[in-house]
Amino acid sequence: MAKRSDTQGRLDDAARAGWLYYVAGRTQDEIAAAMSISRQSAQRLVSLAVAERLIKVRLDHPIAACLELAEALRKKYDLKHVEVVPSDPAGSSSTVGIAEAGAAEIERWLKRPDPIVIAVGTGRTLKAAVDQLPPMECPQHRIVSLTGNIGPDGSAAFYNVIFSMADAIKARHFPMPLPVLCSSAEERETLHDQALVRSTLRLGAQADVTFVGIGELGPDGPLCVDGFLGKEEMLKLVQEGAAGEICGWVYDNQGRLLANSINDRVASVPIPPRETSSVIGIAQGRKKFQAISAALKGNIINGVITDEATAEQLLGR
């Protein structure tokens, strides 16, 4: 029998202590007695379980202020789904809170017994949400990527989430075997005419629910940072009135897709129709405000998961 390493052994102990504390509801004194360790050691093991993300905590108690903001957003933008999570003024992460809420909403859809099609976009926040999903067996569902999975240098696009999602939930998955942006409109047409790509495009249009990230524009925007657009191209887009992007599709401050050379080159599946799909954007933060606001105004999305501060800004408070 292989001897477990000291590190693995300590993580096992931390997992046991974390389970006893958060699930079984034991006090630290009771954990110390059960594991034959000191109270201080029990406290350190519980802290280690949290630090190593062995424990994932979800807040089930509805917070009145968040519920009120969610209802106000629902009415203002005629949304199907809204969730507002508490803001953390001192937090440095751009995904804390909404990643967990996004994971919970994705999980609710995955738990449906009848087969559904789930479309997913890309981005840091969406990837953080998918990384929170628990292992599940969902062979009845189909997961389809809206965006290409090839980066500008030919490597796999890092923030394309379909493969990590499929690994977690064991469902049939349909990647888009294309670059995020083609070199020309003609190249996109040629690639979209391939049989495998046509089937993915059709499947994406049938999505029952769609989860997307929302990207801000500018030199620090995802399209620029990840190398899909040069700084000059990005600045030109902003000068032309672009306000945000979803799956590479660029839109103005009223949520209207721009007729320009960038959108002509986007290889992504068109965002599924809001009449037949719940299209849920997951985003928060001041730098994304313009992009989120425009997506809501233009009905590009009909659902949103965000935080208190962003919700208040969207409501003009």
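1. Strand 1, residues 81-85, is mostly covered, since four of its five residues are buried; strands here are DSSP runs of E with at least two residues, helices are runs of H or I with at least four, and both are numbered from the N terminus. Buried means under 20% relative accessible area, exposed means over 50%, and partly exposed lies in between, with a 1.4 Å probe and protein chains only. This is a predicted model, in which local features need pLDDT of at least 70 and side-chain atom pairs count only at pLDDT 80 or more, while totals for chains, interfaces and linings use all residues. Residues are numbered from 1 along each chain as its sequence is written, and side-chain values use heavy atoms, leaving out hydrogens and water.

2. The sheet can be followed from strand 1. Seven strands form an open sheet with parallel pairing, in the order 1-9-8-5-2-3-4, where two strands pair if DSSP finds at least two bridges between them. Strand 1 and strand 4 (172-179) stand at the edges with a single partner strand each, so one side of each has no neighbour in the sheet. On average, neighbouring strands of this sheet are turned by 15° against each other, direction ignored; axes are lines fitted to C-alpha atoms, for helices over the stretch in contact, and angles run from 0 to 180 degrees between N-to-C directions.

3. Strand 9 has parallel pairings with strand 1, over five bridges, and with strand 8 (residues 278-282), over three bridges. Within these pairings, V85 stands opposite D307 of strand 9, and I282 has I305 of strand 9 as its bridge partner. Helix 9 (residues 195-205) packs on the sheet and touches strand 2 (117-120), strand 3 (142-150) and strand 4, its direction making about 120° with that of strand 4; contact means heavy atoms within 4.5 Å.

4. D307 deserves a careful look. D307 lies in strand 9 and is buried yet has no salt bridge, the nearest side chain of opposite charge being R286, 9.7 Å away. For charge, Lys and Arg count as positive and Asp and Glu as negative, while His and the chain ends are not counted. A salt bridge is a side-chain nitrogen of Lys or Arg within 4 Å of a carboxyl oxygen of Asp or Glu. Leaving aside residues up to four places away in sequence, D307 touches V84, V85, P86, S87, I98, Q284 and G285.

5. The largest nonpolar core holds 56 residues, of which L73, V84, I214, I246, Y251, L296 and I301 touch the most other members. A second, separate core of 27 residues includes V85, V120, V130 and M136. Such a core is a set of buried Ala, Val, Leu, Ile, Met, Phe, Trp, Tyr and Cys residues joined through side-chain atoms within 4.5 Å.

6. In helix 13, the residues A291, I292, S293, A294, A295 and L296 are buried, and what covers the buried residues of this helix includes helix 4, strand 6 (242-246), strand 7 (249-252), strand 9 and helix 14 (308-314). L314, which is found in helix 14, counts as buried because its relative accessible area is 3%. The contacts of L314, not counting residues up to four places away in sequence, are L73, K76, Y77, F289, I292, S293 and L296.

7. R53, in the loop between helix 3 (39-51) and helix 4 (64-77), has a positive phi near 60°. N299, in the loop between helix 13 (289-297) and strand 9 (303-307), also has a positive phi, of about 60°, although N299 is not a glycine. R53 is partly exposed at 48% relative accessible area, and N299 is partly exposed at 43%.

8. The salt bridges come to 14 by the rule given above. In one of them, D226 is joined to R124, with the closest N and O atoms 2.7 Å apart; the pair links distant parts of the chain, 102 residues apart, with D226 in the loop between helix 10 (222-225) and helix 11 (231-239) and R124 in helix 6 (residues 124-130). Another salt bridge joins K287 to E216, with the closest N and O atoms 3.8 Å apart, and here K287 is exposed at 59% relative accessible area, whereas E216 is buried at 7%.
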